[in-house]
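Morning, everyone. I'll walk you through one structure, from sheet to core. Please have a look at it first.

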Amino acid sequence: MIQKTSLPIEPISVRIPEACRLTGIGRSKLYELIAEGRIEVVKVGAMTLVPYASLKDLIDQARRSENRH
């Protein structure tokens, strides 16, 4: 019998409202960052998906920038 462990699963992508919730960034600011190319998006039909890794990269970059000052 295979035993299952309940490890947290990291999503591949999230929709815009979830990206806002996860980062604490408002919707307008999120779209601004997308327009600047700082956050990647993927369109699947009418859905706009934000790769989870892109959100993590944004936060990591902000942390590195903060640590330099």
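**Sheet, helices, core**

We start with an open sheet of three strands, ordered β1-β3-β2 and paired antiparallel. At its edges stand β1 and β2 (42-44), each with a single partner strand, so one side of each has no neighbour in the sheet. From one strand to the next, the twist averages 40°.

Some ground rules. This is a predicted model: local features need pLDDT of at least 70, side-chain atom pairs count only at pLDDT 80 or more, and totals for chains, interfaces and linings use all residues. Residues are numbered from 1 along each chain as its sequence is written, and side-chain values use heavy atoms, with hydrogens and water left out.

Terms, quickly. Helices (H or I, at least four residues) and strands (E, at least two) are DSSP runs, numbered from the N terminus. Two strands pair if DSSP finds at least two bridges between them. β2 and β3 run antiparallel, joined by three bridges. V42 stands opposite L49 in β3.

Now the helices. α1 lies across β1 and β3, at about 105° to β1. α3 also lies across β1 and β3, at about 50° to β3. Axes are lines fitted to C-alpha atoms, for helices over the stretch in contact; angles run from 0 to 180 degrees between N-to-C directions. Contact means heavy atoms within 4.5 Å.

Which residues of α1 are buried? They are I16, A19 and C20. They cover an arc of only 100° around the axis, which puts them on the same side of α1. That arc is taken from the directions from the helix axis to the C-beta atoms. P17 and R21, on the other side, are exposed. Buried is under 20% relative accessible area, exposed over 50%, partly exposed in between (1.4 Å probe, protein chains only). The buried α1 residues pack against β1 (13-15), α2, β3 (47-51) and α3.

On to the core. The largest nonpolar core has twelve residues, including V14, I25, L33 and L58. Two or more come from each of α1 (16-23), α2 (27-35) and α3 (52-68). Such a core is a set of buried Ala, Val, Leu, Ile, Met, Phe, Trp, Tyr and Cys residues joined through side-chain atoms within 4.5 Å. L55 touches V14, A19, L22, T23, I39 and V50, leaving out residues up to four places away in sequence.

Last, S54, in helix α3. It counts as buried, at 8% relative accessibility. The S54 side chain reaches the backbone nitrogen of E40 at 2.8 Å.

Conventions: A polar contact is a pair of N or O atoms within 3.5 Å; within protein, one must be able to donate a hydrogen and the other to accept it, and residues adjacent in sequence count only if both atoms are side-chain atoms.
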